[in-house]
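Have the 3D view open while you read.

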Amino acid sequence: MEKSVFSGEYNNTLDEKGRIMFPAKLRCLLPGSQVVITRGIDRCLWIFPPEEWALLSEKVMQSASLFQANSRLVLRRLIAPAQEIDIDKAGRVSIPQSLREYAQLEKDCVLLGINRYLELWNADEYRAYLEGSEADFHQASEDLGLIRF
């Protein structure tokens, strides 16, 4: 069975209880009614379907050594905070307080579909990230010059 891929940029609002509505377009791509949410890089949250999270976390664990400081750092920052969260009947996901604080989620948020996972950003932080990384984006695009379309 071919896997569906997430795509799109969605502006959503975090409610007073720390819940965010998952767009129906994304919900229909999920194999069930749960997601795994963890800290991402760049002050966002990463959201995975459970089977994708299982694949990634297993690869991280296989490549990590408990005897190396950098490995322990990645395990503590990526694997440890991961939580499996139910999507409620209204299509909302309750973001745990510790993860909301990490990503500085308050009200206006941006949800990005990035193929096999999603990113959840504070809208202001995401705009600042885009503006601050424009030159890096041009260089990164040049570095992909061998890809033929």
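## How much is tucked away

Of the protein's 149 residues, 38% count as buried. Keep in mind that this is a predicted model.

## Overall size

How big is it? Along its principal axes, the C-alpha trace spans about 45 × 35 × 35 Å. A compact globule with 149 residues would have a radius of gyration near 15 Å, and the protein comes in at 16 Å, so the two agree.

Now for who touches whom.

Count up the secondary structure and you get six helices and eight strands. If you walk along the sequence, the pattern reads β-β-α-β-β-α-α-β-β-α-β-β-α-α.

## A closer look at helices 2 and 3

Find helix 2 (residues 50-63) and helix 3 (residues 69-79): they pack at an angle of about 160°, and their axes are 10 Å apart. Angles over 145 degrees count as roughly antiparallel, so that is what helix 2 is to helix 3. Their crossing is left-handed.

Which residues meet here? Helix 2 brings W53, S57, V60, M61 and S63, while helix 3 brings S71, V74, L75, L78 and I79. Sorted by class, this contact has seven nonpolar residues, three polar ones and no charged ones.

Technical notes:
Residues numbered from 1 in each chain as written. Predicted model: local features only at pLDDT ≥ 70, side-chain atom pairs only at ≥ 80, totals over all residues. Heavy atoms only, no water. Axes fitted to C-alpha atoms, helices over the stretch in contact; angles between N-to-C directions. Helix = DSSP H or I, 4+ residues; strand = E, 2+ residues; numbered from the N terminus. Parallel < 35°, antiparallel > 145°, perpendicular 65-115°, else oblique. Left-handed = near helix turned anticlockwise from the far one by under 90°. Contact = heavy atoms within 4.5 Å. Nonpolar A, V, L, I, M, F, W, Y, C, P; charged D, E, K, R; others polar. Rg over C-alpha atoms; globule rule 2.2 N^0.38 Å. Buried < 20%, exposed > 50% of the residue type's maximum accessible area, 1.4 Å probe, protein only.
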